[in-house]
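Please read the following briefing alongside the sequence and the model.

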Amino acid sequence: MARSTFPFEGYQFRDIHPLVCIGTASDRYAGWIGQIYPEAWRPKITRRTRRLGGKRFVEEVLPVESVRDYFQHFRTLELDFTFYEPLLDATGRPTRTYRTLETYAGCLGSSDRLILKVPQAVFARKLHRAGGFVENEAYLDSAFFTQRFYEPALALTGPWLAALIFEQEYQRRNERPEPADHAENLDAFFGSLPEDGRYHVELRTPSLWHPAVLDVLEARGVGQVLSHWTWLPSLEQQFNLSGRRCRNREHTYVIRLMTPRRVRYEDAYARAFPFDHLVDGMLDRRMIPDTARILQAAVAQEARAYVVINNRSGGNAPLIAQQLALTFDRLSPDGETDRN
């Protein structure tokens, strides 16, 4: 692979490779001022309090309009606020989430791309309510997905929409379905959805990375998200379990770098906050080289690859993107790093 001359040290990732799109999980972090956002945004910071793991955090965020500066550096952005609420309520009226997504859509350029997370109410077997977990009555409800999320999402973001992620929560051992049963349910669900080449599933239960499940996803043209996440095996292991073909019918990969392995969400968040620098010892030593090699494999297959980087995977997503871009750029054709 030829050496690139693009200025990764300046956080410029739009042109790393025609088939490789690096972006982040969410945006608007005030901790990225001086990297992604100019100082002019500092007076427009707003603050909100978040309680997590018994601790209190004061988050500093920028207006949605700052996404215009974000896309000067990245080609794609994952928006995860759509995970928590559908776009339309039960009466068909737009929700607050719809309005926020509408504002984003008004700020996008023709070459910008979004990845949206499907509401958890569609793909989670249980939902957290009032301090506990309850059965989700809308689980795998294709009408709920189509009417309250998919159709309004296309209306708002169709020209910019690159992928839809169905994230399935980690399931405890005594609550897990048999892989064959799960495969049957997924087959029926995806068989009932509108035809679309942008579906991807993230399975967060290792036992469900099973041939019966993966075969159904492949047959339905649904991509398997490779996720660097708390309780999942390494990215390389996931890639091998998929037969090194986890792309969807449109030959698209999605790789998500979420948290260090074996580190819980709330612990990763607390270590990474306020997301303005890399945290010593937090970045998994295999995550960057594994991701770079998977990108190389995707390019060899002439597949497009989207990489989504979360601050929680090491402290600061732009700096992690910088390391990934440099590692990918230095790979030789055999997958080993060129040390010269």
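The side chains of serine 192 and serine 142 are joined by a polar contact of 3.3 Å, a polar contact being a pair of N or O atoms within 3.5 Å, where, within protein, one must be able to donate a hydrogen and the other to accept it, and residues adjacent in sequence count only if both atoms are side-chain atoms. This is a predicted model, in which local features need pLDDT of at least 70 and side-chain atom pairs count only at pLDDT 80 or more, while totals for chains, interfaces and linings use all residues. Residues are numbered from 1 along each chain as its sequence is written, and side-chain values use heavy atoms, with hydrogens and water left out.

**Serine 192**
- The side chain of serine 192 also reaches the backbone oxygen of phenylalanine 189, at 2.7 Å.
- Serine 192 counts as partly exposed because its relative accessibility is 38%, between the limits for buried (under 20%) and exposed (over 50%), with a 1.4 Å probe and protein chains only.
- Between the C-alpha atoms of serine 192 and leucine 140, which lie 52 residues apart along the chain, the separation is 9.9 Å.

**Confidence**
- The mean pLDDT (the predictor's confidence in each residue, from 0 to 100) is 93 for the protein, and 95% of its residues reach 70 or more.
- Over residues 1-5 the pLDDT is below 50, and this stretch has 10 contacts (heavy atoms within 4.5 Å) in the model beyond near neighbours in sequence.

**Phenylalanine 166**
- Not counting residues up to four places away in sequence, phenylalanine 166 touches several residues, among them Phe145, Phe189, Phe190 and Leu193.
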